[in-house]
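Here's a quick briefing to read alongside the model. Take a look at the structure first, then work through the points below.

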Amino acid sequence: MARSSLDKMMSVTLQHSQSVTDLAAPIRRPWRWHIVVFLAPALIVYSALMIIPIFETLRLSLFTSKEQVVSFVGFGNFETLFGDERWSKSFWNALWNNTYFFLIHMLVQNPIGICLAALLSVPRLRGRSFYRTAFFMPTMLSFVIVGFVWKLILSPLWGVAPSILAAIGLKWLFGPWLGQEATALTALSLISVWQYVGVPMMLIYAALLSIPDEVIEAAECDGVVGFAQFWKIKLPLVLPAIGLVSILTFVGNFNAFDLIYVSQGALAGPNFSTDILGTFLYRTFFGYQLQLGDPHMGATIATVMFFIILAVVAFYLLVIQRRMRRYQF
Amino acid sequence: MERKTFRAAALGATALVAGMGMWSLSASAQDVTLTIESWRNDDLPIWQDKIIPAFEKANPGIKVVFAPTAPTEYNAALNSKLDAGTAGDLITCRPFDASLELFKKGHLAPVNDVKGMENFGSVARSGWTTDDGKTTFCVPMASVIHGFIYNKDAFDKLGIAEPKTEDEFFAALDKIKADGTYIPMAMGTKDQWEAATMGYQNIGPNYWHGEDGRLALIAGKQKLTDADWVEPYQVLKRWAAYLGDGYQAQAYPDSQNLFALGRAAIYPAGSWDISLFNQQAEFKMGAFYPPVKKAGDTCYISDHVDIALGMNAKTKNPDATKKFLEWVASPEFATIYANSLPGFFSLSDQPVTLEDPIATEFVGWRKDCKTTIRSTYQVLSRGTPNLENETWAASANVINGSETPEQAAERLQKGLDSWYKPAQ
């Protein structure tokens, strides 16, 4: 069963504190240098690349600059973000869009991923490795290519989507989906689903393969076969993997930026209907066209994003994951 | 004897090596490479094949590299590079506040003492001068003019003459629509700026009377909710009926292609489009300026100061950089630039002869009409929310029907009021 990295980290810290208490004991032992030496590379690289930038961002969000003079404002930037009518409107809009983006992934991407994994694990399936590769292929494509290709496919002027729909008599269904406020975000979410459906498929496929044959055989002896076997035996056994996939989807979606930026631009049009936290952060931090960048407000948004993700991941790890039943074989 | 020879040989070799070292040292001291930061990646071949060779020929020892970034990323990328100290020697300047901010931060050096700056009038300098009018920090290169380019073959076939008034304009659009061969007008709202720049800023000056309205808005004597400023939105709203199917998802390159392939009859243009259409369109083209409300009204055009070249204050080669700027201020550069990039019009007072017929047509409007710059660029886009970016969204919304002209105007004015207090 897959174990989350936090579990591993916690067990490492536990061992570490254990060794500290050992040292405090009067038994004479040589100072165990190797622990420090072995920890150092990971600690240094992780601190330099992750910890320090995160704290820099947090610090940056507490300052503001006016006429090139940087001054400390405490939580003033957060007050602006949540209190100012325009800032808060943009923020809640981006947060809601981001939640919608995530929900589409949860409702479409993950069920499809589970279905594909279940189909792939059918023992008598022919051409399995071909399907596996084909489904995983879009994940390996650059988001630039994905954004561009789908923009072309869906283009009302040159795209194949209108002509394909016309060929089967459904032309009336077609609309300039990426250009309409009502449909743009859904269209982009589905493009993203198409691209990343391979990830849950692979993880759940791996989990399904790791179910021992004895369990399946025992089920068959008891007359549990086919769909019933999937629902009653396999699905409960891969539930931890599904949980992991969900949390990966959440973190991925709330950090998403690339696809929207490539296909809709930093203004996330039409009329900000596809604006998610990532594009909102980018626009604020780096500026856009005549709008100059504001690193302090940008850092404020980044900080809020960080805490949103942290809160949900912590909730999952501390509350949900602990209650999840695991089966040891 | 043998030893002496050896010693002499060694000495000679040392001298030779030292001499070569000296020589290569002096050569490398002379061979300076200047890098130009720019957002005009479309112009790369012209800089590489025409402009830079002309300069390098006249100034041996200075090499110039043109290193453009994508237009929408330019400001962000440039700011980061300047802060990190890795930006090129020459900086292509956006007009107004973006560059003014760079100057205030000390990233751009003043160019008042560059030879040839006297060739530029105050309007030409306005985009790159401090508020007190004393210091200019970029050498103006070119302006762009808005108008409409049309497919002459289509107009001839349908018997349409160049529209001069708003009524004639819509009559022409109706006629093209009724005929059905062509999409009446090639414009989309996906990129948003297209609707604002090619639409609102293109026809707007006729309604707010050019500089009069623009300066009154800055002075706080007019508001965006006044009839003069709402009317262009009302006209823009009427355009929606004449745009191609699915214009909501049509991006700027789509519009360019639609027109260049001969599928659309009228293209709301910026003069920078001319060179692309010259290469791609296989039909005759013409151009007309934004139609006025009633016959006999004074026409106004947007002749927007768009592009200039400044000097990175931290350049390691200030002398060579200055030399390049002096050359940019010269009539020689103006002639090469204006002719290799038809649609970018020199801002220099020195006469420049243009060869391209459409570009000549555009620049000819300067004589017939009053000129102005885009209303949102000076002062009004200094704060947050930024009026220019807001105007993009507003123009697209009005055409898409998600906001009425009045609602859009009210929202813009409210946003402006939230930070802008005009000097009384």
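Helix axes are lines fitted to C-alpha atoms over the stretch in contact, and the angles between their N-to-C directions run from 0 to 180 degrees. Keep in mind that this is a predicted model: local features need pLDDT of at least 70, side-chain atom pairs count only at pLDDT 80 or more, and totals for chains, interfaces and linings use all residues. Residues are numbered from 1 along each chain as its sequence is written, while chains are lettered from A and ligands numbered from 1 in the order in which they are written.

**A helix pair in chain A**
- Helix H11 (residues 226-254) of chain A and helix H14 (residues 295-323) of chain A have axes that come within 10 Å and cross at roughly 175°; helices are DSSP runs of H or I with at least four residues, and strands are runs of E with at least two, numbered from the N terminus.
- That makes H11(A) and H14(A) roughly antiparallel, the word for angles over 145 degrees.
- Among the residues making the contact are Phe250(A) of H11(A) and Tyr316(A) of H14(A); two residues are in contact if their C-beta atoms, placed from the backbone, lie within 7 Å.
- By class, the contact has 11 nonpolar, two polar and no charged residues (nonpolar: Ala, Val, Leu, Ile, Met, Phe, Trp, Tyr, Cys and Pro; charged: Asp, Glu, Lys and Arg; polar: the others, Gly among them).

**Chain B**
- Chain B has 17 helices and 11 strands, and its C-alpha trace spans about 105 × 55 × 40 Å along its principal axes.
- Its domain 1 covers 27-142 + 305-355 and its domain 2 covers 145-303 + 371-417, with bounds from an automatic or database domain assignment.
- The C-alpha centres of domain 1 and domain 2 of chain B lie 29 Å apart.

Technical notes: Parallel < 35°, antiparallel > 145°, perpendicular 65-115°, else oblique.
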